[in-house]
Amino acid sequence: MMDTKNDKSQGYTAKEQELIRQLIQARLEQQSELSYENLDEYELPPRTQFSMLNKPAVTFKHRQMTFNMASIRLFDGVKYILPFTSVPKKRIAVVTCGEEESESVEWARKNKKGVWVNKTITSDEYVSKVFKFMNWDEKCRYKVMGRVSNSERGLVLVFDLSEAILFTTPEEYVDKKTGEVKKRQIKYYPDEYKERIGKTYRDYLARQQMSFFEPLGEYESDQSQEDAMLNGIGGDANE
């Protein structure tokens, strides 16, 4: 018999699972079948439209990038990473590493209480290159959600830059109720979500199948990316 106290494989609580089993048993006793729902015409809203506090993400703004605390907690105790970057895929794959690796980047540090916290990474050259090949506005801020994937280097965090959320610079407006001048920030989602809920069910299934393993063959380290750009990929690095 299944242990209802510990089984949460479907995302339901033990009480909810028991109610579902009771419903199914009642249907069987009445010799009736559960209706079948075809999901082909359904769309799934992107996760960026819901709370993102507990999900890995990276934020880009002028000269800086910062991984959120959800990313740091996933690799608790890891101080250095390698931000492999794929210009063709428009992705960043974060690989954990030791300080001794020549291209390691510090993304976390211990605070005075001994707790690991995130660290703002400043790099005018690298971040400018990302803004350039993504054709982003340097006056705006971009937030990209991440996912855990497997790779030849073990578990990695993958960030699909094409799904970035754009945050405009704060603009002033007059509150109609109070007459006060306030500031607000507008965010924009990728064009593929305009006038629709999100990805189709089939697109979602295809993406899930592709997300289990991330081959790093098309990725470049910071130095190799700079060499590639000097050779014509992503534009002239000296512009």
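**A first look at the fold**

Me: What share of the contacts between residues at least 6 apart in sequence join residues at least 24 apart?
Reply: In the protein chain, 61% of those contacts join residues at least 24 apart. Keep in mind that this is a predicted model.

Me: OK. How many helices and strands are there?
Reply: The protein chain has five helices and 16 strands.

Me: And how much of the chain is buried?
Reply: Of the 239 residues, 33% are buried.

Me: What about the outside? How many Å² of accessible surface?
Reply: About 15,900 Å² for the protein chain. Carbon and sulfur atoms account for 49% of that surface.

Me: Let's go inside. How many residues are in the largest nonpolar core?
Reply: That core has 30 residues. Phe60, Phe67, Trp107, Trp136 and Leu161 have the most contacts inside it.

Me: What other core lies apart from the largest one?
Reply: Another core, of 10 residues. Cys97, Val156, Leu216 and Tyr219 are among them.

Me: Cys97 is a cysteine. How many disulfides does the model have?
Reply: The count is zero.

Me: Cys97 and Cys140: buried or exposed?
Reply: Both fall under the 20% cut-off for buried. Cys97 has 15% relative accessibility, so Cys97 counts as buried. Cys140 has 12%, so Cys140 is buried too.

Me: New topic. How many salt bridges?
Reply: Two salt bridges. In one of them, Arg21 pairs with Glu18, with the closest N and O atoms 3.8 Å apart.

Me: Where do Arg21 and Glu18 lie?
Reply: Both are in helix α1, three residues apart. That is about one turn of the helix.

Me: And how accessible are Arg21 and Glu18?
Reply: Arg21 has 31% relative accessibility, so Arg21 counts as partly exposed. Glu18, at 35%, is also partly exposed.

Me: Which side chains meet at 3.1 Å, N to O?
Reply: Arg153 and Glu101 form that salt bridge. This pair links distant parts of the chain, 52 residues apart. Arg153 is in the loop between β10 (141-151) and β11 (154-160). Glu101 is in the loop between β5 (91-97) and β6 (105-106).

Me: Arg153 and Glu101, what are their relative accessible areas?
Reply: Arg153 has 37%, so Arg153 is partly exposed. Glu101 has 28% and is partly exposed as well.

Me: Where is Tyr12?
Reply: Tyr12 lies in the segment before α1 (14-29). Tyr12 is partly exposed, with a relative accessible area of 39%.

Me: Now the backbone. What is the phi of Lys90?
Reply: Near 55 degrees, a positive value in a residue other than glycine. Most residues other than glycine have a negative phi.

Me: Where is Lys90?
Reply: In the loop between β4 (80-86) and β5. At 31% relative accessibility, Lys90 is partly exposed. Lys90 is also one of the residues touched by Leu161.

Me: And the phi of Asn135?
Reply: Positive, about 55 degrees, and Asn135 is not a glycine. Asn135 sits in the loop between α3 and β10.

Me: Asn135, buried or exposed?
Reply: Exposed, because its relative accessibility is 70%.

Me: Last one. Where does Gly146 lie?
Reply: In strand β10. Gly146 has 2% relative accessibility, so Gly146 counts as buried.

Me: How far is Gly146 from Leu161?
Reply: They are 15 residues apart in sequence. In space, the distance is 9.4 Å, C-alpha to C-alpha.

Methods: Residues are numbered from 1 along each chain as its sequence is written. This is a predicted model: local features need pLDDT of at least 70, side-chain atom pairs count only at pLDDT 80 or more; totals for chains, interfaces and linings use all residues. Side-chain values use heavy atoms; hydrogens and water are left out. A disulfide is a pair of cysteine sulfur atoms within 2.5 Å. Buried means under 20% relative accessible area, exposed over 50%, partly exposed in between (1.4 Å probe, protein chains only). Helices (H or I, at least four residues) and strands (E, at least two) are DSSP runs, numbered from the N terminus. A salt bridge is a side-chain nitrogen of Lys or Arg within 4 Å of a carboxyl oxygen of Asp or Glu. A nonpolar core is a set of buried Ala, Val, Leu, Ile, Met, Phe, Trp, Tyr and Cys residues joined through side-chain atoms within 4.5 Å. Contact means heavy atoms within 4.5 Å. Accessible areas come from the Shrake-Rupley method with a 1.4 Å probe; for residues, only the protein chains shown count as cover. Lists of a residue's contacts leave out its neighbours within four places in sequence.
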